[in-house]
Amino acid sequence: MDKQRFTLAVLTIVPLVVACGGEKANSGSGSVDAQRPVTGVDWRVQGITVDGSARQVHGTPRLTFDAKSGENGRSGGKVGGRLGCNAVNATATVRAGHITLGRPSTTRMMCDASLMGTERALLGLFGGQVGYRVDHDTITLTSGNGTIVRAVAAK
């Protein structure tokens, strides 16, 4: 095979391999699934770690990221949900591997101390950038201040 044909073959095959490498096999079915998106999913909080210590999750905290287009073609969106006791809303910009969360706006109800503890821990995600990783139906959010949240997509 001459050098030109070899180069053409490589340039044809490599993009196909890269494109196929971004999909995950669906366990047991033999089919291939694309990665679950971050936006448009009702994420139910299952675990919280603050400064290396696991915290018990109380209530049914959840977060949903919405990636609506902002003004002037800028990407912008929001996050909303419940923190355990109170509802929360904030701006959210989702990009590959990280989410920038604005300052949270919450309702101001007082609840049981256990619910308020969950809420305080989750508020540690807001007002900065968090990394994220999606693995099938689970998202892991990691903030720079030591807060790690694991959530599962609601069925």
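Thr147 belongs to strand E12, which spans residues 147–153; strands (E, at least two residues) and helices (H or I, at least four) are DSSP runs numbered from the N terminus. The model is predicted: local features need pLDDT of at least 70, side-chain atom pairs count only at pLDDT 80 or more, and totals for chains, interfaces and linings use all residues. Residues are numbered from 1 along each chain as its sequence is written, and side-chain values use heavy atoms, with hydrogens and water left out.

**Surroundings of Thr147**

- Thr147 is buried, at a relative accessible area of 3% (buried is under 20%, exposed over 50%, partly exposed in between; 1.4 Å probe, protein chains only).
- The side chains of Thr147 and Asn145 are joined by a polar contact of 3.1 Å (a pair of N or O atoms within 3.5 Å; within protein, one must be able to donate a hydrogen and the other to accept it, and residues adjacent in sequence count only if both atoms are side-chain atoms).
- Apart from neighbours within four places in sequence, Thr147 is in contact (heavy atoms within 4.5 Å) with Thr49, Val50, Ala121, Gly124, Leu125, Leu141 and Thr142.

**Disulfide**

- The structure holds one disulfide (cysteine sulfur atoms within 2.5 Å), formed by Cys85 and Cys111 with their sulfur atoms 1.8 Å apart.
- Cys85 lies in the loop between strands E6 (78–82) and E7 (87–95), and Cys111 in the loop between strand E9 (105–106) and helix H2 (113–123), so the pair ties together parts 26 residues apart in sequence.
- The link of Cys85 and Cys111 is right-handed, with 65 degrees about the S-S bond.
- Cys85 is buried, with a relative accessible area of 3%, whereas Cys111 is partly exposed at 28%.
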